[in-house]
Amino acid sequence: PHRSYRVSVWIRTRAFEGEPLIQVLGGRRVIHFMKSLGVQAAQDWTEHSLVFNSLEHSKVRVYLGVWKSTHGRLEWRDWTIQETGPVNLVRRPGAPFALRDEASGRALVEGRDFAPVADTLMGRAHGAGSFEEWHESPQIHVRTSLPDGTRLRASWHQAAIVYEKQVTCCLSEPGTFELLRDEARRMRELWGPGRYLMMFDEIRALGRDSACVRTGRTPARILAEAVKRCAAYLPDDTLYVWNDMFDPHHNAVDGFFLVRGDLAGAWEGLPDRVSVVNWNGDHARASLQFFARRGHGQVIAGYYDAPPDRITNGIKAWLAAARGVPRVEAVMYTTWKDRYDDLEALANACRVAANSRDSGD
């Protein structure tokens, strides 16, 4: 339990179409999340790897395969699994690094008995703020004299990387809120009073580091306190937040990605004045009604780079789900691809759907 492992394998392809993956399960739960190994359609033998933490598990299952339709030639060879050093090492007050003599239990002092340890590649894979699954871990240089054969045991925190590049900040670390308070201040100085959208979406790791554990709080309570605290940084503005992490019909559930515990009840931290930007299209009616009962205004995030033929049907379904739900204020156009070609089409679809609703159709 609580060890870092690297799984690597060599892959060769020819005229291959598909997505080979490595999956790691602890019990029935996926404990590592990857979308792509970066395998090309035609490549010579190339090494691909991932790094996972065993969390609380003493046994895991590792799968190598292709889960979706595919054709062409794919070959695997020489797969390995081994413990890693402190790769993607996190250093901050709430994430201590410790080194001790395994036999005696004596703690070695950083800066005296061993050189300070830092992962200079963490968060700088392709420029500042970019992360990667694997790179060579930093070495630990011991300065004190120890007998040959002495076994040392190290303990550290590593960044939880989801989908190859996504990481989550710690919502129990004081430094996080110093940054957020400063960001809120600078945004308001730049833009003045108005409407601000807080992120708090798709938080895929929470409650596992020392800072969170020391609070004694559940992930739901940590998140509830965090959103309440951030809302206080802009007390006189109209605030919005994405629905998913506060929605029992979406991500505010038990077993969400690498969250340690249940997120049910996170919505208790949402002040009444915070409106919800709702993108829960799979459970639109139940989600809209849930937040309406709690007194929140809502905005429908009804467009996500959809094909043109899905725009009208999609917004029609959303507006039908919102029928009779109070304080649904607007529909928002959301693009992750800098595509604004469909903005007018979405507006027209809203008008048509609204007019159809008003006419009783």
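Colleague: Are Trp-267 and Phe-290 buried or exposed, and what does the word rest on?

Modeller: Both Trp-267 and Phe-290 are buried, a term that stands for under 20% relative accessible area, with exposed meaning over 50% and partly exposed the range in between (1.4 Å probe, protein chains only). The model is predicted, so local features need pLDDT of at least 70 and side-chain atom pairs count only at pLDDT 80 or more, whereas totals for chains, interfaces and linings use all residues. Residues are numbered from 1 along each chain as its sequence is written, and side-chain values use heavy atoms, with hydrogens and water left out.

Colleague: How many aromatic pairs does a search of the whole structure find, and what makes Tyr-5 and Phe-52 a stacked one?

Modeller: The search finds nine aromatic pairs. In the pair of Tyr-5 and Phe-52 the ring centres are 5.5 Å apart and the planes 25° apart; rings of Phe, Tyr and Trp (its six-membered ring) pair if their centres lie within 6.5 Å, and planes under 30 degrees apart count as stacked, over 60 as edge-to-face and the rest as tilted, so the pair is stacked. Because Tyr-5 lies in strand E1 (residues 4–17) and Phe-52 in strand E4 (residues 43–53), the pair ties together parts that are 47 residues apart in sequence; helices (H or I, at least four residues) and strands (E, at least two) are DSSP runs, numbered from the N terminus.

Colleague: Why is Tyr-5 called partly exposed, but Phe-52 buried?

Modeller: Tyr-5 has 23% relative accessibility and therefore counts as partly exposed, while Phe-52, at 2%, counts as buried.

Colleague: What makes the pair of Trp-267 and Phe-290 edge-to-face?

Modeller: The planes of Trp-267 and Phe-290 stand at 80°, with 5.2 Å centre to centre, and the pair is accordingly edge-to-face. The two residues are 23 apart in the chain, Trp-267 in the loop between strand E15 (258–259) and strand E16 (274–278) and Phe-290 in helix H4 (residues 284–293).

Colleague: How do you know that helices H1 and H3 are roughly parallel?

Modeller: The axes of H1 (residues 174–191) and H3 (residues 219–231) come within 10 Å and cross at roughly 30°, the axes being lines fitted to C-alpha atoms over the stretch in contact and the angles running from 0 to 180 degrees between N-to-C directions. Angles under 35 degrees count as roughly parallel, over 145 as roughly antiparallel, 65 to 115 as roughly perpendicular and the rest as oblique, and H1 and H3 are therefore roughly parallel to each other.
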